[in-house]
Amino acid sequence: MKDDLPPVLDSSSDPPPLFDGTTRLYIAYICPFAQRPWIARNYKGLQDKIKLVAIDLLNKPTWYKEKVNPENKVPSLEHNNQVIGESLDVVKYLESNFEGPSLLPNDPVKHKFAEELLSYSDTMSKIVFSSFKGDPVKEVGSTFDHLEEALHKFDDGPFFLGQFSLVDIAYITLTERFYPFLQEVWKYDLTSGRPKLAAWIEEMNKIDAYAQTKQDPKVIVEIYKNLFLSQK
């Protein structure tokens, strides 16, 4: 099922009828962290049950902070008169409270490895984002080597846990942004010498739940140039 993407709400936009029983997922199209629960929603087939609300991160509506998320961040999930924030927490909430294909393994070995990788996704994002102010070619190699090594752990499928899971969602939204930006600005191909990582990206692009959320790499590059290079 494909979405008709909603318009982006900014400081001039009225709020939706908040806490009226509708389940809403507040996202920003450019945000890798908000993209995570958006992919999970699609994969679980919850498009009819969870309404997307897109927020302009550079010109946020005042009502979003006042009435939805006091931290003024995306994503947020409005459900049963409460709001859940933080991307991985939202995905885990969807896993526990909604039907659809599971995104977490039952196998205890895979579950433990999943938690390790989810924790490392924060480390990776901090290393790579901070490198954009310095020399990524010298700073980011170990993070992508770590992913390449992790993809060798299980051989029952092309994904981090063998089968598609929350771990893949956590990493693809970052990789989708890092890949074109590193390539365009520093001529650094993060898949070079990492065949498992290259194959994983190829397999991810075949998953409709993710493909529907992908952003134009040219747009990503221009936004990241403005964010990270304008001060250099």
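Tutor: Buried means under 20% relative accessible area, exposed over 50%, partly exposed in between (1.4 Å probe, protein chains only). This is a predicted model, so local features need pLDDT of at least 70 and side-chain atom pairs 80 or more, while totals for chains, interfaces and linings use all residues. Residues are numbered from 1 along each chain as its sequence is written, and side-chain values use heavy atoms, without hydrogens or water.

Student: Phe178, then. Buried or exposed?

Tutor: Phe178 counts as buried because its relative accessibility is 0%.

Student: And how do the rings of Phe129 and Phe178 sit?

Tutor: Their centres are 5.1 Å apart and their planes are at 80 degrees, so the pair is edge-to-face. (Rings of Phe, Tyr and Trp, its six-membered ring, pair with centres within 6.5 Å; planes under 30 degrees apart are stacked, over 60 edge-to-face, the rest tilted.) Phe129 is in helix α4 (residues 108-131) and Phe178 in helix α7, so the pair ties together parts 49 residues apart in sequence. Helices are DSSP runs of H or I, at least four residues; strands are runs of E, at least two; both are numbered from the N terminus.

Student: What about Phe129, buried or exposed?

Tutor: Buried, at 19% relative accessibility.

Student: Which residues form the aromatic cluster?

Tutor: Phe129, Phe132, Phe178, Phe181, Trp186, Tyr224 and Phe228 make up one cluster.

Student: How many aromatic pairs in the whole structure?

Tutor: The search finds 21. One of them is tilted: Tyr43 with Phe164, 4.7 Å centre to centre, with 55 degrees between the planes. That pair links distant parts of the chain, 121 residues apart: Tyr43 is in helix α1, Phe164 in the loop between α6 (141-150) and α7. Phe164 is buried, at 10%. Tyr43 is partly exposed, at 28%.

Student: Switching to α1. How many of its residues are buried?

Tutor: 10 of its 12. Among them are Trp38, Ile39, Arg36 and Arg41. Gly45 follows the helix, with a positive phi near 70 degrees.

Student: Lys187, buried or exposed?

Tutor: Exposed, because its relative accessibility is 66%. Glu86 counts as partly exposed, at 44%.

Student: Which residues does the cis peptide bond join?

Tutor: Val74 and Pro75, with omega about 5 degrees. Pro75 is in the loop between α2 (62-68) and β4.
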